[in-house]
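Hi,

Here is the structure I promised to send over.

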Amino acid sequence: MNGTLIEDGPIVDRRPIVTCAGELEVFSAIEDNLVQALPQDSCDWRRSLGRPIRSVHIGATFAPFSPAALPKASQWDLIRQPLFHIYWTECTDVDVYKTSVREDIDNWLKELIAKDIHDWLVVVVENYDGKRANKLLPRTTVLDKIRADFAPKQGDRCISVINPGKVESRSADSWRGLVSRIRHLLLISYARAVARLEDHVRQQRERRNEIGWDFMQYFQLQEELAQVLEMLGLNDEALVQYDELDALFSQFVVNGITSECVNWLHKFQKPLEKWHGLKLGPSKLSNNPSILELRAYLFAKQAHMLLLTDKVWEMAARCLPFLHTCTRELAILEISAPPGAVACWLFLASMEVLQTCDKFNHADEVENYSLHTASLWEYSSQKIRSLGELCGLLPGDVPNSQQLHTVVLLSAGMGDNPGTPNRPSPTDKLKEALCSQDAFNKTYLELAELAMGTYKHIGRLRSARLVGREVASFYMLLGETQKAAAFLGDALRTFEQDGWHELAAQTQIELAECFKKAKDVRKLVGASAFVSAALEIDTLIRWTYFDEMSKCLDSLDKPLVVPFNDIIKIVSVCLNSDSVIMQDSMINVELVIESNFPREIVSTNLVVSLEVDNKENKKSNEKYCSSRILTGKDLKQRDPMLQRLRIKRNLDYKQDKQLATAGIASKYTELKRKDSAAPPVQADFSYCLEVPDLPLLITPGLNVIRLKKQANKIGKFYLGQVAIHVKNLHLISSMLTPRLALEIREESPSLKLYKRTAPLLSGIEQIMNLILTIGSYIIEPKSKIKLTASPGLTLQVIPDEPLVSALEFEVGENIRFTSTRTRLRILADMLSKDHQVTIHCPWTTKPILVPLNFTPPLTAGWRLHTVLHRKFVQVSVVGQCESDLIIDQAVLKTGNMPCSAMGKKHESSQIISNGSMFFYMWELVLDSDEVSSTIKTEFSVRYKLDEKDEDKLYQYFFDISDYQTLYILDANVEPAKGSEFCRVGIVCHLNLSMKSASQMLRTNNNVKSVMYEVLAEQSVWAVCGRTAGVVCFDSEDEPQTVVLDVMPLTSGYLPLPLVRISKYIPAESGNSEKPNKVDTHPRLEPFSAGQVYNKSKGKQVHVIAAITEGY
Amino acid sequence: MAVCVAIIGKDNSPKFFTALNPDEELNYQYKVLSSLDIVEEKLGVGAKSGSDLRELYLGMLYSLETHKIYGYVTNTKIKFIIIVDSTNMALRDNEIRSMFRKIHSEYADTVCNPFYIPGEPISSKPFDVNIKNIMTGTV
């Protein structure tokens, strides 16, 4: 162990060395076969310390036996010593064996035993040929002999093999047997050697804190173990060894730098002279490596193991931490390096790993390692950029001589690592990139694009955007502002989406600078506005950009639309009018905004658009504000992703109504791409609320702005967007949601016909009010209103004009929301009570029908009174008019029959108030000769409403019929015979006398029989015996008398019992002309009012108390 | 000692941000923002199904030459991010973990304040002081 490695070939050969003794020519024939066959099959490797059995492939290198090369018993590094010893012989003759071979083997074994080596094998190669087959099978073979002589107890140490040179099935079998025997025995011995090595490594590690311990020595030791494991095909275990070394070294660097006992570390603390790129694949460690070389070697080994175990992604994943560790260790160990050297190395290393990943590019692995390569791409692009900065290669820079010198120095330190023209090595690339600005630009942009692309591919959009920012700054240097703006815009959008306002504001500053450079005034204004309103930014910067914006505003020739975003916040919107607004009235809206501009701005116009709220294009999900005020809470945009899901129960039933499945479902339809946000739509500001006095000063902070608009369009509207115009800068808000709706209505005019409170009276000209109410719009003054009355009704609007049944009049000048009253004179005749006026209005085709109910001003009634044969007519007049009526000249006309007025009031005028009754009485002067059954009577009276009014005639027609007196009825009550008085409880006689009025009977033969009934009041009179009877008037002028018994039940002056008589029509005297329809029952017919005169009406009889009472 | 602590709401917008060195704050913001990508990745579907759902600590999200960034996510998807100087070797995983736990309990106390509107950035001064103390390890 002298700290150097024996290098043979690219990889250190850790195959166990097998020595061959005996007849070497036999062996050399099969050596090649054996070397190939050994590692072909796996063999189980059992290990101590409970480690799992691994199946390994073991190979071997063969060397001729030499006693000098045999290891000593105590040696630990058996791996590099001959481990296994085989004696080859072809001897088949026992005699020959006895004579020479036996001794040879004996000597060979003695040599081995002397070194305490027990791993040996004797192989007897047999050659079958035709001749031998005929011979008898020998009793003992050479093999048996050897076994008996040397390995009586270890039969497996001797084996015979049929020479594999001859292709036979038997020989193949025996060959397999040999190979597996060698493999097995070799592994046993090798395992022992490995175990010893492991022990040694452990021992050495334990001593790591001792003075004089050297990491590099230990490194080689443990690496040997790793190489052994690698040789056995245990790449993962080999990796563990390298990882241990890695960790150990890191620990030393971190912890040991201060400690005295790790002075071997100082060997690494030498200035960096070389920064050759990391090279994956076979590599060797130079003597006395620099820390970078050591690290690179270690990583290359680890990567190699990972690649062997198909873990490309892990290699990629380990790369960045590895590079970070390296840089950190360089810093900790205070290793000085020329500027840029470390960056060069880091760049080369990351590029090497990336290229390796590319090489192992399988479709299914790209996904795996992209996750890690993305950051590597970014890292390498950062590194090359820092190099470019150092060497003055950034666009706009011109490298000075010092920088040129740096390039040369760096390139020299990189060494040479030429790749193929198709696949230039990282070193080639870096050298080329450092050569010229163009190449540098190309390389940097390529790497950055790759970083962005990979980030996007694995879904790390934010990281991609941050790379984009870097690229943007590079493009800015290049002067390609458009590209820079695109990247910055993307970044800005991402920041805004995530709500990182400060970052967004910073990006806006960069954007503003970008636009400034591009002389894009329009975009500069937008970005400056944003920056100046960004609260996160320093006030001085905001002022600068505000000034910038103000300066540029003048040069804007076309309107520039900038969304509100955070520049101006709408705090609240309040509709001060009712949500239903009459046409042409004012819509008042109070808008509270918060301006984030650092200074005042002068708004040349401030409007809020009014959007037509169409039912058709209304989406169901549009929300409406229930109240008339929108506050900040309502206006806050909600992230649909954070909304509560509307979960619905979902039950599925089977055909037999049994529940099949139960579940929940959510109709979540708001999934949409977030980054494809549409540019702000500018609403139609042609119809909008305006600020009355412009320009308007908007101060920083809260501003209350009152907007107005005359509602001259009808319909439903909602408040759309707020626009603040500062010269040609149009700041536009987003749509106000939830929608603040208002309705502008028109009110059509109306025409109504009102009567006064009193009921309408017919026959009197009265005034009705025709009220025309003008709604929200004016009616053409020349248009005409047409009134048509039903028959019997006349009307007129113009005073002193005759009443007509139909009239037209012009609407006339009108003002909104006023009503005009037109006095309509109206007169209905007395004939009909129900009338109707039809009104045709110019604004509607539908006529208005007004039914009118008239009542006469007076009502009259009449009654006929009789005194024996004399007849009196009483006419009652009732006033129906609200006001008093003056009546006079009451006249009763009874056809040709004269009548005389009773009393004097008929001619005189009377005042009759509402509801009061007034009576007139006339006596009919009956001429006994002229008898007509019916008198047509007409009552007329003149009336007027007041003295000035002209008289009007009220007429009342009625017929008087059956007025002549037919019977005169008389009754009296007498005490029974022997009594002087009528007493209570004593039966008295009721004498009923009926007399027919003589002259009438002649003409009225029908009525001959009369039925009388005593209708006594039951509490006063008790009728004893019959109460009714029929009397016949056969003889003329003969009064019929009936005596009935009645009994008074109370004392005092009692009215006589009432007697009623009726016409009695006997059954047999029915209509004899119609015999088939014989009326079998007698009938009663009442007399009409004037036909019976009852004299006894009003008579009373004095009844005294019964004598039995009291005393 | 952490150099920066950030609390990110469930909508990924910053709710609280503090850095020991205020000049570095903007740089840290960029770092924290890009770490959200990895947090989202770790929280992504299937990524956490197997592991313990109660484990809120996400471990190191990524490392830079100068800094290491650690993440922690509450059950309500509030993300805590700690940035640590990579030269600081004293901070092991366990220390970071306990730092997160302290921040979590501090955060829980703050959002319990009835005057705090959930979802708004935290502007409480005592909270800032307490977090600073946790960062510097004086608690």
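Let me begin with one tryptophan: A:Trp543 sits in helix 19 (residues 539-553) of chain A. (Helices, H or I with at least four residues, and strands, E with at least two, are DSSP runs numbered from the N terminus.) A:Trp543 is partly exposed, with 13 other C-beta atoms within 10 Å. The cut-offs there: 20 or more other C-beta atoms within 10 Å of a residue's own make it buried, 12 or fewer exposed, and in between partly exposed, with C-beta atoms placed from the backbone. A:Trp543 and A:Phe597 are 54 residues apart in sequence, and C-alpha to C-alpha they are 8.8 Å apart in space.

Before you go further, bear in mind that this is a predicted model: local features need pLDDT of at least 70 and side-chain atom pairs count only at pLDDT 80 or more, while totals for chains, interfaces and linings use all residues. Residues are numbered from 1 along each chain as its sequence is written, and chains are lettered from A and ligands numbered from 1 in the order in which they are written.

On to chain A as a whole. It has 21 helices and 51 strands, and 33% of its 1111 residues count as buried. Of the contacts in chain A with a separation of 6 or more, 69% are between residues 24 or more positions apart; a contact means C-beta atoms, placed from the backbone, within 7 Å.

Now the cores, meaning sets of buried Ala, Val, Leu, Ile, Met, Phe, Trp, Tyr and Cys residues joined through C-beta atoms within 7 Å. The largest nonpolar core has 235 residues, and A:Val123, A:Cys344 and B:Ile82 have the most contacts inside it. Helix 10 (residues 341-359) of chain A gives the most to this core, with 13 residues. Apart from it lies another core, of 40 residues, including A:Leu858 and A:Tyr954.

A:Val123 also turns up in the strands. Leaving out residues up to four places away in sequence, it touches A:Ile86, A:Tyr87, A:Trp88, A:Ile159, A:Val161 and A:Leu178. A:Val123, in strand 6 of chain A, is the bridge partner of A:Trp88. Strand 5 and strand 6 (residues 120-126) of chain A pair in the parallel sense over five bridges; pairing takes at least two DSSP bridges between two strands. Strand 1 (residues 17-22) of chain A also runs parallel to strand 5 of chain A, joined by six bridges, with A:Val18 opposite A:Phe84. Eight of the eight residues of strand 5 (residues 82-89) of chain A are buried, so this strand is largely enclosed by the rest of the structure.

Elsewhere in chain A, five strands form an open sheet in the order 44-46-42-40-50, with mixed pairing. Strand 44 (1021-1024) and strand 50 (1092-1094) of chain A are its edges, each pairing on one side only.

Finally, the contact between the chains: which element of chain B gives the most to the side that touches chain A? The contact takes 18 residues from chain B and 19 residues from chain A. Helix 1 of chain B gives the most to chain B's side, with seven residues. Buried residues in helix 1 of chain B include B:Tyr28, B:Leu33 and B:Val39.

Cheers

Terms used: Contact = placed C-beta atoms within 7 Å.
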